[in-house]
Number of protein chains: 2
Amino acid sequence: MKPIAAETQNATLSYEQAGVNYDLIDPLKVSAQRAAAATSGHLAAHGFSEVKASRGESAYVVDVGPFYIASIVECLGSKAIVADEMAALTGRSWYASIAQDTIAMAVNDLITVGATPLVVQAYWAAGGSDWFGDAQRAQALVEGWKRACDVCGVAWGGGETPALAGIVEGGRIDLAASCTGLINPKERLSVGDRLSPGDAIVLLDSSGIHANGLSLARKLVERLPQGWLTPVQPGLSYGEALLAPTVLYSPVTEALWRAGIVPHYCANITGHGWRKLLRHPAAFTYRIHTVPPVTPVLAFIQQHAHQDDREAYSTLNMGAGFALFVEAADAQRTVEIAQSLGIGARVAGIVEAGPKQLLIEPLGIRFGDDDLQLR
Amino acid sequence: MKPIAAETQNATLSYEQAGVNYDLIDPLKVSAQRAAAATSGHLAAHGFSEVKASRGESAYVVDVGPFYIASIVECLGSKAIVADEMAALTGRSWYASIAQDTIAMAVNDLITVGATPLVVQAYWAAGGSDWFGDAQRAQALVEGWKRACDVCGVAWGGGETPALAGIVEGGRIDLAASCTGLINPKERLSVGDRLSPGDAIVLLDSSGIHANGLSLARKLVERLPQGWLTPVQPGLSYGEALLAPTVLYSPVTEALWRAGIVPHYCANITGHGWRKLLRHPAAFTYRIHTVPPVTPVLAFIQQHAHQDDREAYSTLNMGAGFALFVEAADAQRTVEIAQSLGIGARVAGIVEAGPKQLLIEPLGIRFGDDDLQLR
């Protein structure tokens with residue numbers, strides 16, 4: 001751990017300072033999105049068509065007649081580095097946890113469009129064959145992956161385990177998951193056309209940082225007196241708290257369907273924090289009257305990174321991992337269904353006609369249309 | 001380029017020496033395959049079931065009633081390093097080529113089970129945000145990806161473009177693709193149950209090394225007097241020859257279907273070279289009477305790596321990128337259909353009752369059951 005000068009110690013640490021520069025990535029994204037959109041006509045040759053509204057949503061949806069197919073690939077990101085650092089310090093393997101995170105990244109995005117996840121494929125690209133020689137770690141990865149599939153009721157189809165010396169760093173692994181699901185029956189499709197003023201916003205609790213904001217969290221550790229082992233609360237180190245696995249939300253969306261509740265829209269709260277609540281393309285005002293308790297590790301990050309609430313809520317999930325926009329009459333039952341599955345939930349706000357903005361009233365924060373450019 | 005002692009220069013270079021140790025990876029693969037197989041029961045809760053014979057095949061297949069869904073995730077591997085080295089030497093970007101390779105890795109596997117590829121997702125994990133700042137290279141990647149989707153008639157659904165500093169090496173990118181397709185109508189399923197003695201083996205030409213054996217090819221460059229720029233033939237450097245993009249074979253399988261030809265089995269010839277012809281789980285003898293011309297870059301590798309034919313055919317595709325096992329009466333038409341699409345093809349052999357073995361008669365090579373352990 002390098003010593004840090006006092007003035008640096010007290011400066012605000014933003015997500016950009018943590019090393020992710022979206023200004024460099026976004027032009028490619030736009031260009032790729034345009035090229036991708038230009039390929040959709042190919043589906044017609046097979047008698048199918050895309051659900052155009054799914055372009056720009058978290059998963060891509062194709063109409064194949066009797067139902068829709070949704071697909072996605074998602075990456076864990078740099079959380080594996082935290083697992084490696086903590087393994088070196090504690091001797092424990094954290095790969096069962098980050099296996100769940102990886103599946104959560106794919107599954108929690110896939111369900112936003114109303115899909116039931118059916119098949120997951122594993123993408124485990126190691127920095128060399130020797131990565132797989134640590135049998136305990138490899139076994140933890142397999143077991144955590146399997147368990148997450150069991151929770152989501154998804155079949156693990158197979159995957160790819162390349163040894164990529166020279167591309168992936170030695171001793172590291174790049175974890176990703178692809179997921180294919182069905183929207184069946186087709187009435188379950190939720191790509192935004194049903195969202196209306198008066199809808200309730202139900203927020204499902206997160207378990208911690210999930211797998212977004214880890215660059216910031218890793219940058220911050222340089223400032224902490226005991227590094228990864230700095231206590232967040234008695235008996236819980238910063239590293240361990242960060243490694244709480246991401247909540248898998250598909251049991252909630254499946255249970256909602258069985259209860260006859262079809263969300264009008266969903267947002268998985270990942271990168272860009274609460275700004276993801278502005279994801280829907282149309283202009284609505286999202287008025288939040290109740291915020292969930294902030295998970296201790298996120299409160300700790302906000303405090304030590306000297307972030308004000310606006311910065312923190314624009315970057316981290318701050319206790320809310322998934323947003324369900326439902327008919328107001330269904331809001332309380334939605335909360336109860338999530339809670340019955342052991343996932344904290346609350347009616348947090350309401351959708352209103354008005355300019356595109358998110359008003360987090362208890363904190364006096366406003367995010368406008370300019371604060372989230374995803375399309 | 002480091003100087004190499006003469007005795008090293010003349011030693012045989014095997015795939016294992018090139019740094020990929022399957023002995024370390026395989027136990028994890030077996031453990032993962034077992035855990036994955038144990039999740040298949042989840043499909044029943046959704047009213048579906050897996051096609052059990054697809055476990056161990058190149059793509060995973062689920063029966064969803066009106067048709068089968070196949071899915072896969074595949075990685076480019078280390079070919080991106082060759083593209084980077086050649087870009088440094090020539091100033092050209094080779095990312096359009098390796099984009100096609102990446103899609104080929106997924107699509108050419110997916111079609112082996114009889115699927116029509118429908119949707120591709122891009123997984124482009126860079127060693128940092130700055131990777132995306134090279135607009136020319138990024139644009140080549142986008143354009144090559146789009147063009148490959150056009151060739152395969154597949155919709156590019158979206159993808160993930162993470163900046164993974166600390167996991168992916170600085171200046172590098174980890175390219176992968178996931179693909180979802182349909183086997184529609186269900187009669188197109190080819191997971192091996194139809195393969196019979198008397199079937200013809202049709203081999204489709206490769207364009208070069210494709211994307212398997214690159215670790216060996218990169219190791220070999222250390223021995224070459226002009227490195228990547230060593231001529232393979234007049235006007236064609238080793239690096240450029242290696243970067244010939246992988247042939248996309250899905251136009252062939254789609255055209256075969258339109259012509260009423262359903263392959264009894266397919267094998268994508270990737271890692272393990274011609275041993276992949278032994279992929280089918282049952283015991284058959286595959287007798288090869290005609291081998292395709294060896295692509296110049298592969299002949300060059302064999303020569304400079306001092307590999308005998310057995311070693312070369314057990315590692316590299318040696319001119320054959322894809323194998324179609326078809327009814328003998330369909331063999332000649334299969335060849336003609338491939339050729340009409342600009343893909344060289346030939347009737348190369350026959351399936352016989354007998355012990356599991358591959359006999360490459362023109363070369364006097366025999367591979368037995370022990371030479372390929374994929375399941």
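This is a predicted model: local features need pLDDT of at least 70, side-chain atom pairs count only at pLDDT 80 or more; totals for chains, interfaces and linings use all residues.
The contact between the chains is considered first. The contact draws on 80 residues of chain A and 81 residues of chain B. The size of an interface is often given as the accessible area lost when the parts come together. Between chain A and chain B, the buried area comes to about 6100 Å², and carbon and sulfur atoms give 68% of this area. Of the area that chain A buries against chain B, 11% is supplied by L28(A), V73(A) and I167(A), which is more than any other three residues supply. The count of salt bridges between chain A and chain B is 0, whereas 23 residue pairs, both members at pLDDT 80 or more, are in polar contact between these chains.

On the side of chain A that touches chain B, at least two residues each come from the helices α2 (22-37), α3 (79-90) and α5 (135-152) and from the strands β2 (60-63), β3 (68-75), β4 (116-126), β5 (155-160) and β6 (173-183). Strand β4(A) gives the most to this side, with 9 residues. By class, the side of chain A that touches chain B comprises 45 nonpolar, 24 polar and 11 charged residues.

The structure holds 2 cavities of 30 Å³ or more. The largest cavity contains about 100 Å³ of space. Its lining is made up of I111(B), G114(B), A115(B), R188(B), S190(B), T253(B), L256(B), W257(B), I261(B), V262(B), P263(B) and C266(B). Helix α8 (residues 250-258) of chain B gives the most to this lining, with 3 residues. The lining of the largest cavity has 8 nonpolar, 3 polar and 1 charged residues.

The second largest cavity holds about 80 Å³ of space. The residues I111(A), G114(A), R188(A), S190(A), T253(A), W257(A), I261(A), V262(A), P263(A) and C266(A) line the second largest cavity. By class, the lining of the second largest cavity divides into 6 nonpolar, 3 polar and 1 charged residues.

Backbone geometry was also considered. Most residues other than glycine have a negative phi, and most peptide bonds are trans. In chain A, N184(A) and P185(A) are joined by a cis peptide bond, with omega of about 5°. P185(A) is located in the loop between β6 and β7 (200-205) of chain A; strand β6 of chain A (173-183) is also among the elements that supply at least two residues to the side touching chain B. In chain B, a cis peptide bond with omega of about 5° joins N184(B) and P185(B). P185(B) is placed in the loop between β6 (173-183) and β7 (200-205) of chain B.

A further backbone feature concerns H306(B). This residue is not a glycine, yet H306(B) has a positive phi of about 55°. H306(B) lies in the loop between α9 (296-304) and α10 (309-313) of chain B.

Terms used. Residues are numbered from 1 along each chain as its sequence is written. Chains are lettered from A and ligands numbered from 1 in the order in which they are written. Side-chain values use heavy atoms; hydrogens and water are left out. On a 1 Å grid over the protein atoms alone, a cavity is a set of points where a 1.4 Å probe fits but cannot get out, and a pocket is an open set with protein on both sides within 12 Å along at least five of seven lines; lining residues have an atom within 4 Å of a point. Grid points are joined across faces, edges and corners, and a volume is the space filled by probe spheres set on the points. Helices (H or I, at least four residues) and strands (E, at least two) are DSSP runs, numbered from the N terminus. Ala, Val, Leu, Ile, Met, Phe, Trp, Tyr, Cys and Pro count as nonpolar, Asp, Glu, Lys and Arg as charged, and the others, Gly among them, as polar. Contact means heavy atoms within 4.5 Å. Buried area is the accessible area (1.4 Å probe) that two parts lose on being put together, summed over both. A salt bridge is a side-chain nitrogen of Lys or Arg within 4 Å of a carboxyl oxygen of Asp or Glu. A polar contact is a pair of N or O atoms within 3.5 Å; within protein, one must be able to donate a hydrogen and the other to accept it, and residues adjacent in sequence count only if both atoms are side-chain atoms.
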